[in-house]
Amino acid sequence: MRNFIRFIIKYHFTILFFIIEAVSLLLVINYNAYQRSSFLSSSSSVSGGILKRYSAGSEYLMLRDINEDLARENAYLRSRLPESFRASRDYFNLVNDSTSMQEYIYRSARVINNSTHRRFNYLTLNKGRLNGIEPEMGVISNKGAVGIVKNVSDNYSTVISIINTRLKISAKLKESGFFGSLEWDGTSYQHVYLLDIPRHANVSVGDLVVTSGYSSIFPEGILLGNVEDVELDKGASFYRIRVKLSVDFKNLSFVEVIGHNSIAEQINLEKISEDD
Amino acid sequence: MISYAPRYIFNFVFFTLIQVLVLNNIQLSGFVNPYLYILFVLTLPFETPGWLLLLLGFSSGMVIDIFSNTPGMHASATVFMCFLRPYVLRLFAPRDEYQPGTIPTMGYYGFAWFLRYAVILVVAHHLFLFFIEVFSLTHFFSTFVRVLSSSALTLILILIAQLFSQGKKQGR
């Protein structure tokens, strides 16, 4: 026993090293479990508060770009007003009134922390549970889809961004309607890959890639980017399509979080079919 | 030992904020991320007991992790570096041993000594960090390039920071 204690005292440095190292590696491996407890992520109130104050400062420097984006969006929305369409008396249209049964709700939020240079990139938003944000909601900016809400605290939320190797999004080609999954390979923050498009599909450079709407996180047809390069390995039955993202992740400050009203209903229904 | 405390508490907060608010947003050509915060551990006094060294390394890494959503990655890399530190110090010990009352900085032991000491620990830290981040050997070469280029940038920043603190000492 005494020898054992002497051994521990003699090698306490190495033993302590292995213990602490094991603890931190455990943290790394149980990453997802720890992400869930928002205490250790940037949605916690202390680090979230500091980052919020910092982004308030850095945002000031980007006001010109933000204004430009907002002005452009205003113009776009104005062009959608009924007044900007010419009423023709020769026809009458049946209008599907979407207000009677609203399916998607948009809530605006501000990005207070953002990264593009890691393999697992996350954003932090300044709104949380108290503002009606829940995990698994889609996040878009005025230029296209951004990511999916991962963790929510009372006042902040973290978003797993499209340029995160852990996220796959169901996407389709707007022209032909073929769908596949969109993945990031961890290199360039401007490019992602669209996989699982069969080789008989017609793909050409410049085609738009949009969300498929199958996962019901995003509505159908949210812009993701456009095709930049098409690869087809010999003997492969699926294309590997390089997509240029429409969103510039380096310059992101205002986003909208999409809530889906009847998502619970859809998931329940799908579960029943799976169980059969 | 106690008299060092305020200075190192300041260092800890200062380097953490610099790292989180400025350097984490720097990215050159998708490869190079400098990690200046490890300078805090590099300049801890020679007499720091081993257990304290490991705990300080763990906490400084963990704070960076909390801010960048990577639980454990920086912590494990910094603890690894802290573990190597005493051996590296012993390896480069001058003939007449380290003088009491000095700390391992460029101001006390010169540019050449500090460079050798810093290169080994910085590269060890970055190697560990980037390979933990990738968590596989599939991208071995590209990860290795990242390690080397990021280490170079971190070293440059560390040397600049050292020059600044040295200047302050001579001014007194």
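**Entry 1: strand S11 of chain A and its partners**

I started with A:Val192 and looked for its bridge partner in S11(A); the partner is A:Val243. I am working from a predicted model here. Next I checked A:Tyr193, which has A:Arg242 as its bridge partner in S11(A). I then looked up the strand pair as a whole. Strand S8 of chain A, residues 191–198, is joined to S11(A) by six bridges, and the two run antiparallel.

I turned to strand S10 of chain A, residues 223–231. Six bridges join S10(A) to S11(A), again in antiparallel fashion. I noted that A:Arg240 of S11(A) has A:Glu231 standing opposite. I also looked at the hairpin that S10(A) and S11(A) form. Six residues lie between the strands, and A:Gly235 takes a positive phi near 80°.

**Entry 2: the barrel**

I traced the sheet in chain A. Six strands make a closed barrel in the order S6-S7-S8-S11-S10-S9, with antiparallel pairing. Neighbouring strands of this sheet are turned by 40° against each other on average, direction ignored.

**Entry 3: where chain B meets chain A**

I looked up the contacts between the chains. On chain B, 24 residues are in contact with 25 residues of chain A. Helices H3 (50–68), H4 (73–91) and H5 (106–134) of chain B each supply at least two residues of the side that touches chain A. H3(B) gives the most to that side, with seven residues. By class, the residues on that side of chain B are 14 nonpolar, nine polar and one charged.

**Entry 4: H2(A) against H4(B)**

How do the axes of H2(A) and H4(B) cross? I found that the axis of helix H2 of chain A, residues 12–29, comes within 8 Å of that of H4(B), and they cross at roughly 160°. H2(A) is therefore roughly antiparallel to H4(B). The crossing is left-handed.

I listed the residues that make this contact. H2(A) brings A:Phe17, A:Ile20, A:Glu21, A:Ser24, A:Leu25, A:Leu27 and A:Val28. H4(B) brings B:Met73, B:Ala75, B:Ser76, B:Val79, B:Phe80 and B:Phe83. I sorted them by class: ten are nonpolar, two polar and one charged.

Conventions: Residues are numbered from 1 along each chain as its sequence is written. Chains are lettered from A and ligands numbered from 1 in the order in which they are written. This is a predicted model: local features need pLDDT of at least 70, side-chain atom pairs count only at pLDDT 80 or more; totals for chains, interfaces and linings use all residues. Two strands pair if DSSP finds at least two bridges between them. Helices (H or I, at least four residues) and strands (E, at least two) are DSSP runs, numbered from the N terminus. Two residues are in contact if their C-beta atoms, placed from the backbone, lie within 7 Å. Ala, Val, Leu, Ile, Met, Phe, Trp, Tyr, Cys and Pro count as nonpolar, Asp, Glu, Lys and Arg as charged, and the others, Gly among them, as polar. Axes are lines fitted to C-alpha atoms, for helices over the stretch in contact, and angles run from 0 to 180 degrees between N-to-C directions. Angles under 35 degrees count as roughly parallel, over 145 as roughly antiparallel, 65 to 115 as roughly perpendicular and the rest as oblique. A crossing is left-handed if the near helix is turned anticlockwise from the far one by less than a right angle, and right-handed if clockwise.
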